[in-house]
Amino acid sequence: MQDNISPSEVTYPAENASVKARLYQQTKPGKHPGVLLCPGRFRDIVGLEFLSNALRAEGYVVLATTYRGMNFFTDDSDVSAGLDYLASLDQVNSNKLGVVGHSRGGMTALRSAAQDDRVRSVVALAPPVEFSSYVRAMKLLSPMRYAGMVESMGGTPETHPERYAEISALTYAERIMCPVLLVCGTQDLHAPYDHSKWMYDALVKAGNKDSRLEIMDGIGHFFEKMYFGYQFDEIAGLTTQWLNETLCGEVDE
């Protein structure tokens with residue numbers, strides 16, 4: 001049984017900045033696998049604490065990052081620096097590092113797997129993997145949000161296609177060889193499940209033989225199921241099972 005210990009508020013350096021994060025440690029001796037948890041657009045790690053606690057209960061050391069801000073183009077550096085921090089901890093087995101991300105964080109987790117061979121397994125929850133399509137869809141769904149996204153990107157997908165491609169996880173599919181679990185819901189109107197299907201198909205085409213697509217009927221972007229509440233236990237179960245199988249949740253003695 002997992003000891004009831006409080007997480008620690010920490011910071012770690014990333015380039016010339018500091019990133020705030022929350023660290024969920026183990027009390028048992030030995031080396032443990034480490035997981036970097038990447039939240040969505042608004043950096044809400046409290047809302048994902050159900051995942052942090054579930055992972056810690058399975059024997060993982062978890063670092064929940066808040067990135068350095070709202071600039072998507074520094075997320076990869078923040079994740080790389082977060083992995084540095086995790087790997088430096090005495091109780092973490094640096095050969096067993098995984099990344100779990102939701103929405104913006106899922107997109108970041110996938111890109112990181114393509115660029116950092118320390119990432120041994122990924123869980124991407126409701127990721128918008130093709131960012132130009134994502135933003136174009138917002139033009140009809142929510143014109144005000146579309147305008148905000150275009151402003152943050154410095155222009156439209158038509159005027160700056162290279163910027164949108166740079167943060168689109170789909171661009172990196174051919175370079176992702178580690179195990180990948182994609183989880184999406186049929187009622188997700190933020191990052192429709194088409195995105196996860198595109199990513200899964202691209203991974204399979206690229207030769208990734210250890211990828212899985214889990215489509216959850218009736219689930220929305222924040223794991224809500226219409227009037228029936230949040231499906232946190234199911235999401236946590238899928239995540240921990242995948243990492244136990246692909247990253248190995250056993251503690252190194």
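Buried means under 20% relative accessible area, exposed means over 50%, and partly exposed lies in between, with a 1.4 Å probe and protein chains only. By that rule Met226 is exposed, with a relative accessible area of 56%.

The model in your viewer is predicted, so local features need pLDDT of at least 70 and side-chain atom pairs count only at pLDDT 80 or more, while totals for chains, interfaces and linings use all residues. Residues are numbered from 1 along each chain as its sequence is written, and side-chain values use heavy atoms, with hydrogens and water left out.

**Stop 1: the loop between E8 and H8**

Select Met226, in the loop between strand E8 (211–216) and helix H8 (232–248). Helices (H or I, at least four residues) and strands (E, at least two) are DSSP runs, numbered from the N terminus. Met226 has a positive phi of about 45° although it is not a glycine.

Together with Met226 they form a nonpolar patch on the surface, with about 480 Å² of accessible area. Patches are made of residues with over 30% relative accessible area and no salt bridge; like charges are joined within 9 Å, and nonpolar side chains (Val, Leu, Ile, Met, Phe, Trp, Tyr) within 5 Å. The areas come from the Shrake-Rupley method with a 1.4 Å probe, and for residues only the protein chains shown count as cover.

Keep Tyr227 selected. Tyr227 is in the loop between E8 and H8 and is exposed, with a relative accessible area of 82%. Draw a distance from its C-alpha atom to that of Leu247: the two residues are 20 apart along the chain, and the atoms are separated by 35 Å.

Next, select Phe223. Is Phe223 buried or exposed? Phe223 is buried, with a relative accessible area of 5%. Its place is in the loop between E8 and H8, and its phi is positive, about 70°, although Phe223 is not a glycine.

**Stop 2: the cavity**

Rolling a probe the size of a water molecule over the atoms shows where empty space is left. On a 1 Å grid over the protein atoms alone, a cavity is a set of points where a 1.4 Å probe fits but cannot get out; a pocket is an open set with protein on both sides within 12 Å along at least five of seven lines; lining residues have an atom within 4 Å of a point. Grid points are joined across faces, edges and corners, and a volume is the space filled by probe spheres set on the points.

A search of the whole structure finds 1 cavity of 30 Å³ or more. The largest cavity has a volume of about 40 Å³. To show its lining, select Ala126, Val183, Cys184, Gly185, Met216, Ile219, Gly220, Phe223 and Ile235. Strand E7 (residues 180–185) gives the largest share of this lining, 3 residues. By class, the lining has 7 nonpolar, 2 polar and no charged residues. Here Ala, Val, Leu, Ile, Met, Phe, Trp, Tyr, Cys and Pro count as nonpolar, Asp, Glu, Lys and Arg as charged, and the others, Gly among them, as polar.

**Stop 3: the largest pocket**

The largest pocket has a volume of about 380 Å³. Select Gly40, Arg41, His102, His221 and Phe222: of the 25 lining residues, these are the closest to the pocket's centre. The elements that give two or more residues to the lining are helix H3 (104–115), helix H4 (131–141) and helix H5 (143–153). The lining divides into 14 nonpolar, 6 polar and 5 charged residues.

**Stop 4: salt bridges**

Side chains of opposite charge can pair when their charged atoms come close. A salt bridge is a side-chain nitrogen of Lys or Arg within 4 Å of a carboxyl oxygen of Asp or Glu. How many salt bridges does the structure hold? It holds 11.

Select Arg68 and Glu15, which form a salt bridge with the closest N and O atoms 2.9 Å apart. This pair links distant parts of the chain, 53 residues apart: Arg68 is in the loop between strand E4 (61–65) and helix H2 (75–88), and Glu15 in the loop between strand E1 (8–14) and strand E2 (17–24). Arg68 counts as partly exposed at 27% relative accessibility, and Glu15 as exposed at 59%.

Move to Glu158 and Arg136, whose side chains meet in a salt bridge (2.8 Å, N to O). Glu158 lies in the loop between H5 and helix H6 (161–167) and Arg136 in helix H4, so the pair ties together parts 22 residues apart in sequence.

Last, select Asp201 and Lys197, which meet in a salt bridge (2.8 Å, N to O). They are separated by about one helical turn because they are 4 residues apart in helix H7 (residues 193–205).
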